[in-house]
Amino acid sequence: MEFISIHDLLINIKDMPRFWFYLPPDSKSWTLDTIGFCGVEDIDDNYEINLPKQVIEEGWIATLEQADIEDIVIVANNNSDNPTIDELFDSFVFYFENDAFLQYGD
């Protein structure tokens, strides 16, 4: 697949094929500009063969599947009229850390 920033991923998620999104392991350091890697969804026992050297050597982790990220964006859109990219990012990180959707207060 390809390397892509979290920002671009969140903006274009509906146009993306199925994949796992790999990021550096320290979620506290992620920003909208953090570059990740979209790896194939069909991971077998030798999945590392299909990952770029940088992803393997730097210990990047599989964070979320494309379908989960798309759901995060859908829920954010349902909870907030036209959420900002920062709200989408917060929703992404919250889901990764809590395995739950971020709910916006009224």
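## Cavities

This predicted model has two cavities of 30 Å³ or more. A cavity here is a set of points on a 1 Å grid over the protein atoms alone where a 1.4 Å probe fits but cannot get out, and lining residues have an atom within 4 Å of a point. Volume is the space filled by probe spheres set on the points, which are joined across faces, edges and corners.

The second largest cavity comes in at about 30 Å³. Ile72, Val75, Ala76, Ser91, Tyr95, Ala100, Phe101 and Leu102 line it. Helix 3 (66–79) gives the most to that lining, with three residues. Helices are DSSP runs of H or I with at least four residues, strands are E runs of at least two, and both are numbered from the N terminus.

## Aromatic rings

There are seven aromatic pairs. Rings of Phe, Tyr and Trp (its six-membered ring) pair if their centres lie within 6.5 Å; planes under 30 degrees apart are stacked, over 60 edge-to-face, and the rest tilted. Trp30 and Phe92 have ring centres 6.1 Å apart and planes at 50 degrees, so their pair is tilted. Trp30 is in the loop between strand 2 (19–23) and strand 3 (35–40) and Phe92 in helix 4, so the pair ties together parts 62 residues apart in sequence.

Phe19, Phe21, Trp30, Phe92 and Phe96 form one aromatic cluster.

## Behind the numbers

Residues are numbered from 1 along each chain as its sequence is written. In this predicted model, local features need pLDDT of at least 70, side-chain atom pairs count only at pLDDT 80 or more, and totals for chains, interfaces and linings use all residues, while side-chain values use heavy atoms, leaving out hydrogens and water.

Conventions: 1 Å grid on protein atoms, 1.4 Å probe; cavity = no way out; pocket = protein on both sides within 12 Å on 5 of 7 lines; lining within 4 Å.
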